[in-house]
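We will go from stop to stop, picking a few residues each time.

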Amino acid sequence: AFAPALAGSTITLTLGELLVASDLTLSGPGAGDLTLSRNHASRIFPVESSSNPSLDVTISGLTLTSGQAPVNADGGAIFNRAENLTIADCLIRDSSAHFGGGIVNDIGTLTLINSTLTGNSADLGGGIFNGNSSTLINSTLSGNAAEVAGGGIFNADTLTLSSCTLAGNQADQGGGLFIDGNVTTLNNTIVADSVSGEDVRN
């Protein structure tokens, strides 16, 4: 948890990435009350460990902004290698990478709840690049951009969207959602108003 005195402030990280390599619950006071910025110097959270079984990591109640993956690397704000990652009540914005400007879920499990991704950019998956299994619930992706495909989300494996909105994203192919995976399930979800590219490309 964060000290109450930090509420309403922005913490600019100056010592590099915050590696998460053990089980962790990181609870902020609310996305409108505390911001972590990397000032485009590196990604914010790499989540990865060589341990077996996978880590259980929860990040909630924060704004994460201005992450920047290294050249040709993935996950501008968050890179989840192979862990069980839950993100709740967060705003992830203005971050960039090769794949997954906001988030990359590589071979792990991602659950995103009550969160927003906006202003993120990448070659593939401006908001999110999913390489394994991701579930999004009551979340919004808007204003994200991909140079090639998947302005909002690029799905390369298994994706479930429930009560989500993907709107105002852009890419050459699949402005909202690009599907290149095994299973994509949309429940009570809106994918619309892409700035460029089809709303959904399969």
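Start by selecting asparagine 188, which sits in the loop between strand E23 (183–187) and strand E24 (190–192). Keep in mind as you look around that this is a predicted model. The phi angle of asparagine 188 is near 50°, a positive value in a residue other than glycine. Is asparagine 188 buried or exposed? With a relative accessible area of 66%, asparagine 188 is exposed.

Now compare serine 66, in the loop between strand E6 (63–65) and strand E7 (78–80). Serine 66 also has a positive phi, near 60°, and is not a glycine. Its relative accessibility is 12%, so serine 66 counts as buried, the cut-off for buried being under 20%.

**The open sheet**

Next, colour the strands E1, E3, E6, E9, E12, E16, E20 and E24. In that order, these eight strands form an open sheet with parallel pairing. Which strands lie at the edges? They are strand E1 (9–12) and E24, each of which pairs on one side only. From one strand to the next, the twist averages 10°.

Zoom in on one pair within this sheet: strand E12 (residues 116–118) and strand E16 (residues 140–142) run parallel and are joined by three bridges. Select leucine 117 and you will find its bridge partner, leucine 141, in E16.

**Strand E11 and its neighbours**

Move on to strand E11 (residues 109–113). Leu110 and Leu112 make up its covered face, while Thr109, Thr111 and Ile113 are on the uncovered one. Strand E8 (residues 84–88) pairs with E11 in the parallel sense, over five bridges. Here asparagine 84 has threonine 109 of E11 as its bridge partner. E11 is also joined by five bridges to strand E15 (residues 133–137), again running parallel. To see this pairing, select threonine 111, which stands opposite threonine 135 in E15.

**The nonpolar cores**

Show side chains for Phe45, Ile78, Ile87, Ile103, Ile128, Leu136 and Ile153. Among the 34 residues of the largest nonpolar core, these touch the most other members. Elements giving two or more residues to this core include strand E3 (34–37), strand E5 (56–60), E8 and E11. A second, separate core has seven residues, including Phe79, Leu124, Ala149 and Phe154.

Stay a moment with leucine 136. Which residues does leucine 136 touch, leaving aside those up to four places away in sequence? Among them are Leu112, Ile128, Leu141, Ile153 and Cys164.

**The salt bridges**

Finally, look for charged pairs; the model has five salt bridges. Select glutamate 17 and arginine 43, whose closest N and O atoms are 2.9 Å apart. Glutamate 17 is in the loop between E1 and strand E2 (24–27) and arginine 43 is in the loop between E3 and E4, so this pair ties together parts that are 26 residues apart in sequence. Glutamate 17 is partly exposed, at 33% relative accessibility, whereas arginine 43 is buried, at 9%.

Two further stops are arginine 93 with aspartate 94, a salt bridge at 2.9 Å from N to O, and arginine 201 with glutamate 198, at 3.1 Å. Arginine 201 is partly exposed, with a relative accessible area of 31%, and glutamate 198 is partly exposed too, at 35%.

Terms used
Residues are numbered from 1 along each chain as its sequence is written. This is a predicted model: local features need pLDDT of at least 70, side-chain atom pairs count only at pLDDT 80 or more; totals for chains, interfaces and linings use all residues. Side-chain values use heavy atoms; hydrogens and water are left out. Buried means under 20% relative accessible area, exposed over 50%, partly exposed in between (1.4 Å probe, protein chains only). Helices (H or I, at least four residues) and strands (E, at least two) are DSSP runs, numbered from the N terminus. Two strands pair if DSSP finds at least two bridges between them. Axes are lines fitted to C-alpha atoms, for helices over the stretch in contact, and angles run from 0 to 180 degrees between N-to-C directions. A nonpolar core is a set of buried Ala, Val, Leu, Ile, Met, Phe, Trp, Tyr and Cys residues joined through side-chain atoms within 4.5 Å. Contact means heavy atoms within 4.5 Å. A salt bridge is a side-chain nitrogen of Lys or Arg within 4 Å of a carboxyl oxygen of Asp or Glu.
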